[in-house]
There are 2 protein chains.
Amino acid sequence: MIEYRNLRVALLGAGSVGSQVARLLLENRDELAQRIGAGIELAGIAVRNVDAPRDVDIPRELFTTDALGLIESADIVVELMGGIEPAREYILAAITSGADVVTGNKALLATHGPELFTAAERVGAQLYYEAAAGGAIPIIRPLRESLAGDRVERILGIVNGTTNFILDRMDTDGDTFENALAVATELGYAEADPTADIEAYDAAQKAAILASLAFHTSFPVEAVHREGITTVTAAQVESAQKAGFVVKLLAICERHTDPTTGVEGVTARVHPALVDRRHPLAAVHDAKNAVFVQAEAAGDLMFYGAGAGGLETASAVLGDLVSAARRHVAGGPGVGESTQANVPILPIGTVVTRYQITLTVADRPGVLSQIAALFSDHGVSVEAVQQSVATARGQETDARTATLVIVTHEALESALAATVESVARHDAVERVVSVLRVEGETA
Amino acid sequence: MIEYRNLRVALLGAGSVGSQVARLLLENRDELAQRIGAGIELAGIAVRNVDAPRDVDIPRELFTTDALGLIESADIVVELMGGIEPAREYILAAITSGADVVTGNKALLATHGPELFTAAERVGAQLYYEAAAGGAIPIIRPLRESLAGDRVERILGIVNGTTNFILDRMDTDGDTFENALAVATELGYAEADPTADIEAYDAAQKAAILASLAFHTSFPVEAVHREGITTVTAAQVESAQKAGFVVKLLAICERHTDPTTGVEGVTARVHPALVDRRHPLAAVHDAKNAVFVQAEAAGDLMFYGAGAGGLETASAVLGDLVSAARRHVAGGPGVGESTQANVPILPIGTVVTRYQITLTVADRPGVLSQIAALFSDHGVSVEAVQQSVATARGQETDARTATLVIVTHEALESALAATVESVARHDAVERVVSVLRVEGETA
């Protein structure tokens with residue numbers, strides 16, 4: 001009996017994920033071969049420097065600097081080098097040469113996804129990217145396939161482990177942002193330059209990928225509204241706690257209607273938000289990730305697990321690799337992306353949300369009613385106001401300022417933003433201490 | 001430009017799931033056509049009685065009693081009639097005629113899965129069954145594909161909504177089993193004959209399906225160890241609560257080694273178990289389902305959502321339908337099941353677990369040490385014993401029995417079972433009140 005030939009895998013990159021993929025491919029080759037119905041052979045690993053030190057013991061002869069040469073002879077190309085170029089060039093070369101491609105490159109997908117998908121569709125190649133959002137959590141296949149017959153209404157995702165670690169620590173230990181970031185760096189959860197995480201660039205890329213899949217629409221990362229967590233203070237976290245909330249960095253993708261034009265569309269945004277402590281997302285601790293999905297027929301779903309880590313993410317990559325290999329053995333082209341819906345992307349101002357606004361105001365009569373008037377002027381209804389007089393320690397009679405915490409009912413983001421702007425200009429307002437959206441409440 | 005022809009869908013069964021699938025197919029046909037890249041046409045619905053009343057408004061002319069005639073002309077057959085025959089016959093007819101098949105029939109898959117998968121593989125047809133376990137929760141694809149490159153070590157699943165509703169009510173409201181079952185029946189969570197749910201036949205079928213997928217091995221339902229929840233008492237639930245546990249019906253599929261033979265293998269079992277209240281599964285309330293997966297590389301994952309319900313389950317069926325249709329448009333055969341690993345199925349006695357045993361014993365000196373000796377005789381180490389004297393109300397001096405609650409360390413199931421047997425025969429033991437396994441602790 002003639003056996004199916006060995007499938008040749010080219011690996012691009014040997015960082016924390018790539019080196020684990022290489023190790024597991026070598027160690028588990030027999031088990032994987034059984035699942036695939038054909039042998040699988042690591043043909044080589046393209047790196048910039050063949051002699052760089054590696055975390056994992058991999059035979060030196062597998063390394064090469066000739067990525068294009070390696071790609072040419074491969075059945076499946078696994079791109080784990082990250083960044084835009086030359087990753088984009090290599091993936092296009094792989095697709096053109098007829099290989100299937102597995103990638104975990106969220107930056108590339110969020111910026112050049114349509115180009116890659118179109119190239120793959122043209123030749124019947126398949127592009128797999130389970131590792132690009134949610135790390136080890138299987139979220140791409142569920143959205144792409146399991147929910148393909150449903151209508152996703154909203155996604156609320158904790159999709160960045162570093163920021164969840166920081167915010168969880170601030171919530172649990174009362175740490176400041178700076179201290180929590182220092183711990184995250186020390187433990188290896190944050191990189192030396194943490195900008196991509198704490199300014200939510202990473203989360204925004206994942207939001208773009210999730211929105212594209214959920215809404216069957218190309219959703220460019222530039223259209224994702226983005227706010228990081230660098231301005232979240234220990235005081236905010238504490239006052240959130242008292243009010244029954246926890247501060248989480250959420251990626252929110254949702255369908256809604258622009259009330260002024262009546263256009264149905266979608267938005268994606270990433271920002272710190274107040275989440276009710278009883279919501280399943282509130283229980284996501286440490287550097288864990290979770291994606292909460294609300295769909296028309298399926299109702300509420302949640303996917304939980306490790307959102308990062310070399311070994312954990314390697315699980316998602318190897319799952320894609322086995323899928324690609326089994327497709328190779330079965331024969332037939334890959335199934336293209338579903339981005340035909342072309343749902344309009346709406347501006348962030350059309351989103352309906354709630355604000356919690358904390359202000360330091362002059363403690364004099366009439367201020368509360370003047371501020372309240374500003375809200376009603378913008379058509380924003382106030383749900384609750386809490387006023388506390390800031391007294392210097394031991395000097396109870398000499399307080400000159402008060403703190404106002406105002407929680408609104410649901411209103412248009414644009415109206416809420418305009419309200420905050422006019423409140424900030426009011427002469428009795430010394431400082432806008434914090435503005436946070438309240439999310440994750442079921443209607 | 002010539003468009004792809006409409007794909008013809010034959011629906012078998014119009015029960016709670018089938019009628020929702022029919023409705024959504026008719027209502028969302030344009031949106032689904034966009035995602036598929038071809039029109040999708042509900043060719044007909046095979047039922048036993050064309051004139052039976054339906055929950056949902058479906059044009060009468062779609063109904064037929066000629067299932068085989070309908071199947072013959074279909075590109076995709078959706079089987080939602082349930083039961084073994086004629087569902088098995090129809091699915092085999094569909095596969096033979098070259099159609100892809102979508103089914104939610106867990107009983108059929110758990111008993112005749114290998115026959116159906118082999119038939120499908122022979123002709124390159126694909127069998128989709130996301131709705132067969134976990135209802136709306138995407139768990140089949142994640143196990144089948146996303147984790148195909150990883151090694152699943154253990155699955156702990158709450159896979160039956162009816163029993164979770166009953167146990168959650170007993171935990172939350174202190175209800176008896178009988179009362180909670182009556183409420184479940186009233187609310188439509190339990191059927192008139194609740195045997196399949198409360199005796200865990202349903203959960204055992206799902207466990208067989210999950211074990212087959214997770215371990216790449218045909219796992220017949222007869223090999224699933226099964227205990228229902230009918231013997232769980234309000235007193236057990238209350239005492240579990242006091243000890244920091246909640247009683248859940250768990251489906252547990254795991255890899256382990258038979259200590260006597262050294263054979264590596266797998267087991268699946270379904271039984272009520274004590275779960276630590278801090279475990280993510282403890283927070284699964286009402287009729288919700290969740291599947292907790294521990295994999296070698298991915299670590300801990302959890303999938304949460306609605307485990308039943310006509311509309312919710314229809315989401316999973318439609319997801320499969322869109323996948324099948326897109327595969328049809330892209331061309332090429334389906335990818336077969338991966339059951340080549342043939343991992344040995346081990347007897348339940350080889351499982352390692354912990355027991356919590358509650359006994360009524362004679363309140364006389366020396367009983368505790370005699371009972372403790374029985375544990376050590378069987379090589380079972382005791383972690384904790386709690387003894388309370390049962391005093392009749394107001395008669396504090398006249399108590400004749402005591403209650404012993406013994407929690408063991410981890411031990412072989414066979415040793416634990418033998419211990420309980422010998423304890424039950426001891427003349428100081430009046431009654432074995434309860435025996436529950438403790439599960440879900442991370443090592």
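Strand E11 (residues 288-295) of chain A pairs with E12(A) in the antiparallel sense over 8 bridges. Strands (E, at least two residues) and helices (H or I, at least four) are DSSP runs numbered from the N terminus, and two strands count as paired if DSSP finds at least two bridges between them. The model is predicted: local features need pLDDT of at least 70, side-chain atom pairs count only at pLDDT 80 or more, and totals for chains, interfaces and linings use all residues. Residues are numbered from 1 along each chain as its sequence is written, chains are lettered from A and ligands numbered from 1 in the order in which they are written, and side-chain values use heavy atoms, with hydrogens and water left out.

A hairpin of 3 residues links E11(A) to E12(A). Within this pairing, Val291(A) stands opposite Phe303(A) of E12(A). Of the 8 residues in E12(A), 6 are buried (under 20% relative accessible area, 1.4 Å probe, protein chains only).

E12(A) also pairs across the chain boundary: 3 bridges join E12(A) to strand E12 (residues 299-306) of chain B, and the two run antiparallel. There, Met302(A) has Tyr304(B) as its bridge partner.

| Quantity for chain A and chain B | Value |
|---|---|
| Residues in contact | 53 residues of chain A, 53 residues of chain B |
| Buried area | about 4300 Å² |
| Salt bridges | 4 salt bridges |
| Polar contacts | 18 residue pairs |

Contact means heavy atoms within 4.5 Å. Buried area is the accessible area (1.4 Å probe) that two parts lose on being put together, summed over both. Carbon and sulfur atoms carry 51% of this area. Arg35(A), Ser146(A) and Arg326(A) supply 15% of the area that chain A buries against chain B, more than any other three residues.

One of the salt bridges (a side-chain nitrogen of Lys or Arg within 4 Å of a carboxyl oxygen of Asp or Glu) links Glu31(B) to Arg151(A), with the closest N and O atoms 2.9 Å apart. Elements of chain A that each supply at least two residues to the side touching chain B include helix H2 (29-36), helix H6 (140-146) and helix H12 (310-330). The largest share of that side, 10 residues, comes from H12(A).

Note on methods: A polar contact is a pair of N or O atoms within 3.5 Å; within protein, one must be able to donate a hydrogen and the other to accept it, and residues adjacent in sequence count only if both atoms are side-chain atoms. Buried means under 20% relative accessible area, exposed over 50%, partly exposed in between (1.4 Å probe, protein chains only).
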